[in-house]
Amino acid sequence: MSTDTLIKICGLSTPETLSAAIGAGATHVGLVHFEPSPRHVSIEDAAHLRAMVSGSVKVVLLTVNADVQTTGKAIELVKPDIIQFHGNETPEWIALVREKTKIEAWKALGVKDAETLAKSARYQGAVDRLLFDAPAKALPGGNGETFRWDVLKDFDHRIPWGLAGGLTPDNVAEAIRETGTELVDTSSGVESAAGVKDVDKMSAFCKAAIEA
Ligand SMILES: O=C(O)c1ccccc1NCC(=O)[C@H](O)[C@H](O)COP(=O)(O)O
């Protein structure tokens with residue numbers, strides 16, 4: 001039984017579901033600032049939600065290919081613990097943002113095959129964590145699709161990492177066992193409809209991850 005798996009519930013957009021995620025055992029809560037997403041929150045709403053979170057739970061603000069000014073402004077106003085980049089942001093660009101803002105930075109990568117993992121080494125020194133997700137579809141993330149977890153198993157990880165992509169209460173324990181990940185991230189798998197978080201599913205997800 002693993003009691004220390006880190007659990008990120010992403011795409012929270014209401015005070016009620018944010019509280020429920022934290023009550024269920026999420027160690028990280030994600031706020032998506034990307035207008036095309038059904039989970040999009042404005043910077044003002046993100047700042048309001050962020051202010052509700054205290055203690056050891058970390059707030060992750062997510063952006064997609066935002067420019068430097070927008071990114072800096074968002075960090076300044078929301079004051080997240082972590083900024084997650086979910087577009088085509090380069091290691092150099094992220095290193096610059098990290099240097100200027102002194103904030104922890106994560107980069108999500110869509111995993112097609114083992115080559116994606118090999119190429120991820122270029123982020124070493126630029127990011128604090130990689131998030132291995134399914135490849136982009138209609139949206140860059142939050143599509144509820146899994147990818148081949150077996151490619152992660154024998155990879156020589158040099159950067160702290162986490163697993164995302166199609167994780168649900170039913171498959172998260174298997175995902176942890178198969179990949180050995182220390183962090184799981186879910187969004188659609190704990191929703192009743194696109195962008196609508198389900199309190200019971202979030203509880204079931206956290207319970208399954210904690211007991212895996
Ligand atoms: O969730 C979104 O709508 C989203 C939109 C654009 C970029 C990223 C997005 N989500 C990022 C996440 O961290 C999700 O939790 C991750 O992609 C897994 O999503 P899911 O497969 O739905 O569990």
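A residue is near a molecule or strand if its C-beta atom, placed from the backbone, lies within 6 Å of it. The model shown is predicted: local features need pLDDT of at least 70, side-chain atom pairs count only at pLDDT 80 or more, and totals for chains, interfaces and linings use all residues. Numbering starts from 1 along each chain as its sequence is written.

**View 1. Surroundings of the ligand.** The ligand is surrounded by 27 residues, of which C10, S37, G141, G142 and S188 are the closest. Strands β2 (28-32) and β8 (183-186) each contribute at least two residues to this shell; helices (H or I, at least four residues) and strands (E, at least two) are DSSP runs, numbered from the N terminus. The shell comprises nine nonpolar, 14 polar and four charged residues, where Ala, Val, Leu, Ile, Met, Phe, Trp, Tyr, Cys and Pro count as nonpolar, Asp, Glu, Lys and Arg as charged, and the others, Gly among them, as polar.

View 2. Five of the five residues of β2 are buried (20 or more other C-beta atoms within 10 Å of the residue's own; exposed means 12 or fewer, and partly exposed lies in between; C-beta atoms are placed from the backbone). H28, G30 and V32 point one way from the strand, while V29 and L31 point the other way. Strand β1 (residues 6-9) runs parallel to β2 and is joined to it by two bridges; pairing requires at least two DSSP bridges. In this pair, I9 stands opposite V29.

**View 3. The largest nonpolar core.** This core (buried Ala, Val, Leu, Ile, Met, Phe, Trp, Tyr and Cys residues joined through C-beta atoms within 7 Å) has 57 residues, and those touching the most other members are I9, A21, V29, L31, L61, F132 and V184. Leaving aside residues up to four places away in sequence, I9 touches A21, A26, V29, G30, T186, V190 and M202; contact means C-beta atoms, placed from the backbone, within 7 Å.

View 4. In α3 (residues 68-78), the buried residues are T71, A74 and V78. These residues lie on the same side of α3 because they cover an arc of only 65° around the axis, the arc being that of the directions from the helix axis to the C-beta atoms. The buried residues of α3 pack against α2 (43-50), β3 (58-63) and α4 (91-101). V68, Q69 and E76 are exposed on the other side. Just after the helix, K79 adopts a positive phi of about 55°.

Note on methods
Contact = placed C-beta atoms within 7 Å.
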